[in-house]
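Thank you all for making time this morning.

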Amino acid sequence: MRLEVGVATDRAGRATNEDTALALRGVYVVADGMGGHEAGEVASGMAIETVRALVGTTPDLETVRATLRAAHARLRDLPSSTGRRPGTTMTGVILTEHEDLPCWIVLNVGDSRTYRMAGGVLEQVTRDHSEVAELVASGVVAAEEASRYPRRHVVTRVLGGGASEVDPDLWMFPVSPGDRMLVCSDGLTDELTDARIEAALRATPDPQDAADRLVGEALAAGGADNITAVVVDATLARS
């Protein structure tokens, strides 16, 4: 299996970029820091640095879980000057093997998102850990009203923050040739609908061009928050 990757990010309407991405040798993750400017940047950077230990390995689910919990513990030790404990979301995919087959490990904590496009159809494969997502799932808020919900950015799970433990979502599925994975912060999905993201990905074959296009379209649509997109294409290696 051969992977081709594109990465794009922009601080957009914010003074600093609190997003951090890692796209290297099988590890493709995005972290969106919170806690205020420098604290958010430090939190996302520290979480990504912890996960960097998985680069070039073929981890199992428990190894990834332990790595995320180690990141959570490190972030809980960060000092806070604002009264808010620094924290970060994290989502993405890690290439591994299971029974000699290439597989994706999908990970998620928070409301950044991982998508899979197969056969030209885009599907969100992560579940948002946010107040509004829980209300939509329980039927209290209609799905079409979620984007207008006043507390839509309140996350219910983060690395770091105030919780003593973290419970990441983790699962594994086989890699299929033609998979296009998108890993992004909510600065992208706040500005672009899934339909618009799908159209951009279908129209832009090169992964770097696709990542650049998505960030550019999100900026043009308003760009209120930091925006990061990682696009990963899986193809059969040439013999």
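When I speak of residues touching, I mean a contact in which heavy atoms lie within 4.5 Å. Please keep in mind throughout that what you are looking at is a predicted model.

With that in hand, let me start at Thr189, which lies in helix 4, a helix covering residues 186–189. Leaving aside residues up to four places away in sequence, Thr189 touches Arg113, Tyr115, Cys184 and Ile197. Is Thr189 buried or exposed? Its relative accessibility is 15%, and because buried means under 20% relative accessible area, Thr189 counts as buried.

One of those contacts, Cys184, takes us to strand 11, which spans residues 180–184. Looking along strand 11, you will find that Arg180, Leu182 and Cys184 point one way while Met181 and Val183 point the other way, and that all of them are buried. With five of its five residues buried, strand 11 is therefore largely enclosed by the rest of the structure.

What surrounds it in the sheet? Five strands form an open sheet in the order 1-12-11-7-8, and the pairing is antiparallel. The edges are strand 1 (2–10) and strand 8 (121–124), each of which pairs on one side only, and the twist averages 20° from one strand to the next. Strand 11 pairs with strand 12, residues 227–235, over five bridges, and five bridges also join strand 11 to strand 7, residues 113–118. Cys184, for its part, stands opposite Ala229 in strand 12. Helix 6, residues 207–220, lies across strand 1, strand 11 and strand 12, and runs at about 25° to strand 1.

Let me finish with the largest pocket, which has a volume of about 710 Å³. There are 27 residues lining this pocket, and the closest to its centre are Arg113, Asp128, Ala146, Ser147 and Asp190; you will recall Arg113 as one of the contacts of Thr189.

Notes:
Residues are numbered from 1 along each chain as its sequence is written. This is a predicted model: local features need pLDDT of at least 70, side-chain atom pairs count only at pLDDT 80 or more; totals for chains, interfaces and linings use all residues. Side-chain values use heavy atoms; hydrogens and water are left out. Helices (H or I, at least four residues) and strands (E, at least two) are DSSP runs, numbered from the N terminus. Buried means under 20% relative accessible area, exposed over 50%, partly exposed in between (1.4 Å probe, protein chains only). On a 1 Å grid over the protein atoms alone, a cavity is a set of points where a 1.4 Å probe fits but cannot get out, and a pocket is an open set with protein on both sides within 12 Å along at least five of seven lines; lining residues have an atom within 4 Å of a point. Grid points are joined across faces, edges and corners, and a volume is the space filled by probe spheres set on the points. Two strands pair if DSSP finds at least two bridges between them. Axes are lines fitted to C-alpha atoms, for helices over the stretch in contact, and angles run from 0 to 180 degrees between N-to-C directions.
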